[in-house]
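Subject: Structure handover

Hello,

Here is the structure I said I would pass on. My notes on it follow below.

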Amino acid sequence: MLMKPLQMHINFKTGEFNPNDRTNIRKLSDMKGMFSDSRAEQQILAKEDPIIYSFRERVLPEESGHLQLAVTSINPGRIGQEYFMTKGHYHQRPDTSEVYLGLEGEGWLLMQTEKGDFASLIINPGVLAYIPAYWGHRMVNTGSTPFVFFAVYPGDAGHNYGDIERTGFVRILVEQDGRPSLLNNPRWKK
Ligand SMILES: [Fe+2]
């Protein structure tokens, strides 16, 4: 069926989509065990359940030939020394790529393969990152304001969160002496 062309407006500062079909909220309780400092996680959860990030989507066909569009905003903050971040995922169809474009704030893009190859890129407004097929990806807010970015990826890529939940990331991004520092993740399992 022939789909009609469409347009939307993105507020670069807030990440709001208009029109917006779906807003997804990820709180700390949705990410249990993903941050390395489990004591800090428990201490925070005993008092509050902060929103780590939210993402907005235009609902489009999840089919080959189409594209998916999303804008994510990660709040500033840390669990222990580790910065707020997205869950991270591989694609269900691992041979699909993705583009991230920084809109507001600053952060790092962490990428890894299932074999343990690792890469990172610093993302600022206007920086576009091309994430090739087979690289799992996670965004991290290293700034003191919301980190907002746009994503576009194939319609049939799908999300595989489970493998990252099981293995973690090869490296974690923590604040040390007031600046971001990559450390080997002791809990990383191939
Ligand atoms: Fe993705």
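In the protein chain, 70% of the contacts between residues at least 6 apart in sequence join residues at least 24 apart; a contact means C-beta atoms, placed from the backbone, within 7 Å. This is a predicted model: local features need pLDDT of at least 70, side-chain atom pairs count only at pLDDT 80 or more, and totals for chains, interfaces and linings use all residues. Residues are numbered from 1 along each chain as its sequence is written.

The radius of gyration of the protein chain is 16 Å, which agrees with the value near 16 Å for a compact globule of 190 residues (taken over C-alpha atoms; the globule rule is 2.2 Å times the number of residues to the power 0.38). Along the principal axes, the C-alpha atoms fill a box of roughly 55 × 35 × 30 Å. Of the 190 residues, 29% are buried, that is, have 20 or more other C-beta atoms within 10 Å of their own C-beta, with C-beta atoms placed from the backbone.

The secondary structure comes to two helices and 15 strands (DSSP runs numbered from the N terminus: helices are H or I of at least four residues, strands E of at least two). Six strands form an open sheet in the order β3-β4-β5-β13-β8-β11, with antiparallel pairing; two strands pair if DSSP finds at least two bridges between them. At the edges, β3 (22-27) and β11 (128-131) each pair on one side only. Neighbouring strands of this sheet are turned by 20 degrees against each other on average, direction ignored (axes are lines fitted to C-alpha atoms).

Within the sheet, β5 (residues 67-74) runs antiparallel to β13 (residues 147-154), with eight bridges; Ile 74 is partnered there with Phe 147. β13 also pairs with β8 (residues 98-104) over five bridges, again antiparallel, and Tyr 100 has Ala 151 as its partner. Between β4 and β5 there are six bridges, one of them joining Arg 58 and Leu 69.

The largest nonpolar core has 27 residues, and Ile 74, Met 139 and Phe 149 have the most contacts inside it. Such a core is a set of buried Ala, Val, Leu, Ile, Met, Phe, Trp, Tyr and Cys residues joined through C-beta atoms within 7 Å. Strands that supply at least two of its residues include β4 (51-58), β9 (107-112) and β12 (136-141). Leaving out residues up to four places away in sequence, Ile 74 touches, among others, Ile 52, Phe 84, Met 139 and Phe 147.

Regards

Technical notes
Buried ≥ 20, exposed ≤ 12 C-beta atoms within 10 Å, placed from the backbone. Contact = placed C-beta atoms within 7 Å. Axes fitted to C-alpha atoms, helices over the stretch in contact; angles between N-to-C directions.
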